[in-house]
Amino acid sequence: MKKTAARHPETLLSHLGRDPASHFGTVNTPVYRASTLLHDSMEAFQEAGRRGLKKGTSSYGRTGTPTTFAFEETVAALEGGYGGIAVSSGLQAVAVTLMTFAQTGKHFLIPDSVYFPTRKICHDLLRNLGVETTFYDPTLGAGISELVRDDTALIYMESPGSLTFEVQDVPAIVAAAKAAGAVTVIDNTWATPLYFQPFGHGVDIVLHAATKYMVGHSDAMLGVVVSGEQHYERLRRTSQYLGCAAAPDDVYLGLRGLRTLAVRLERHQANALALTDWLGQRPEVDRLLYPALPGDPGHALWKRDFTGASGLFGFTLQPCSREAVLAFIDGLELYGIGASWGGYESLILLTDPASMRTATRWEPVGPTLRIHAGLEHADDLIADLEAGFARLAAIDPKAGGGGIHGGKAACAG
Ligand SMILES: *Cc1c(COP(=O)(O)O)cnc(C)c1O
């Protein structure tokens, strides 16, 4: 597609990243499997090497093929960035970005609600390299300027936060970073470029676990870093130094997943809203963690900055025994138990945010859970949870408020 200006994201999803005329008329850009790329002459090969890390160029399989470029271009256009860099997982996108700005004596600010392996990179790898990390309360907003130091090189965001779903005041944090000359990075995996546009709020670098909603079918690992022109070649160089190369089939699956992202997200959102609406009326539930809900502490910021919510949310239960909550989870028929999310299928996990933070406390009255609402019919998903609460109540009749809500809980059984 030639002109991208003024077209809607749904249209871009159908038309970007493909050029049938160069590929035998096929609708989709094919999978190029390549290590060696042959050139017409020694001069041409050397010239390709000199072009180095310019966008959309490659002299070797590791630096990309048309399949890679199609995926990178599409995500970059959706985000409104200059260029994308495909890597082999979301965590690799995080690592490449952090390593690009890691320098002995520098200081990074990372939200306390960050994806846990990102915290581990800072805590272990970057610390060994002499980079100091301060973890900050994700709800700080403009108050973050009190934590910014002369040596602060990077402020990282992830909104909403992993497991606990705090929404960050991105424009306020970006303003503080700009005043200090620090680069800003956001993990935009939850919202995808369709529901949040970080570059529009002044963020420098946006990264994604494409493994989640972009691939969308739980069958490939993929990451992507998108940046403005200023940082692009530097990021791509780091990715090359670290030997990053996204696998051809996985990149193809990422691009293929993008084609249906808009319609899938609508259903994920509708199902998450149906489930949270129902859970909100259950006596066993203490608190919902989903910024699309008017009662959520992050709702005002979410409403200001986001255009939608995806299917991943958390909730906390009233105090109940571990045995009861495990009976609730393990007996579910439609919710898988496993890491990751963003596929077509529903998932559930018992989480432990308290053990993963240092700047803030997580002290719910009962267990914390996370659900990914898949594409199933919402009524079936609700019925499955209802049966789960009956198992929970059978083991722990007091969960759900005991006497006060006892009648309601008993009805549910
Ligand atoms: C899953 C996830 C990652 C890591 O992605 P992988 O592809 O699993 O390596 C990074 N950030 C967030 C917010 C995630 O949920």
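Colleague: Which side chain has an N or O atom 2.6 Å from a nitrogen atom of the ligand?

Modeller: A word on the source before the answer: this is a predicted model. A polar contact is a pair of N or O atoms within 3.5 Å. Here the side chain of aspartate 187 supplies the N or O atom, 2.6 Å from the ligand nitrogen.

Colleague: What lies 2.5 Å from an oxygen atom of the ligand?

Modeller: An N or O atom in the side chain of threonine 211. Lysine 212 also takes part: a polar atom of its side chain sits 2.6 Å from a ligand oxygen. As for burial, the ligand taken alone exposes 380 Å². The protein buries 91% of that.

Colleague: Which pocket does the ligand take?

Modeller: The largest one.

Colleague: How do the residues of the shell divide into nonpolar, polar and charged?

Modeller: Five are nonpolar, four polar and three charged. The residues around the ligand include Leu91, Tyr115, Met221 and Trp341. Ser89, Gly90 and Ser162 are also among them.

Colleague: Now salt bridges. How many does the structure hold?

Modeller: The cut-off is 4 Å, from a side-chain nitrogen of Lys or Arg to a carboxyl oxygen of Asp or Glu. The structure holds 13. Take lysine 54 and glutamate 233: their closest N and O atoms are 3.1 Å apart. This pair links distant parts of the chain, 179 residues apart. Lysine 54 is in the loop between α2 (42–51) and α3 (66–79). Glutamate 233 belongs to helix α8, residues 229–241.

Colleague: Next, the backbone. Is the peptide bond from serine 159 to proline 160 cis or trans?

Modeller: Read omega. It is near -5° for this bond, which is cis. Proline 160 falls in the loop between β4 (152–158) and α6 (170–180).

Colleague: What is the phi of phenylalanine 165?

Modeller: About 65°. That is positive, although phenylalanine 165 is not a glycine. Phenylalanine 165, too, is found in the loop between β4 and α6.

Note on methods: Residues are numbered from 1 along each chain as its sequence is written. This is a predicted model: local features need pLDDT of at least 70, side-chain atom pairs count only at pLDDT 80 or more; totals for chains, interfaces and linings use all residues. Side-chain values use heavy atoms; hydrogens and water are left out. A residue is near a molecule or strand if one of its heavy atoms lies within 4 Å of it. A polar contact is a pair of N or O atoms within 3.5 Å; within protein, one must be able to donate a hydrogen and the other to accept it, and residues adjacent in sequence count only if both atoms are side-chain atoms. Accessible areas come from the Shrake-Rupley method with a 1.4 Å probe; for residues, only the protein chains shown count as cover. On a 1 Å grid over the protein atoms alone, a cavity is a set of points where a 1.4 Å probe fits but cannot get out, and a pocket is an open set with protein on both sides within 12 Å along at least five of seven lines; lining residues have an atom within 4 Å of a point. A molecule sits in a cavity or pocket if more than half of its atoms lie within 2 Å of its grid points. Ala, Val, Leu, Ile, Met, Phe, Trp, Tyr, Cys and Pro count as nonpolar, Asp, Glu, Lys and Arg as charged, and the others, Gly among them, as polar. Helices (H or I, at least four residues) and strands (E, at least two) are DSSP runs, numbered from the N terminus.
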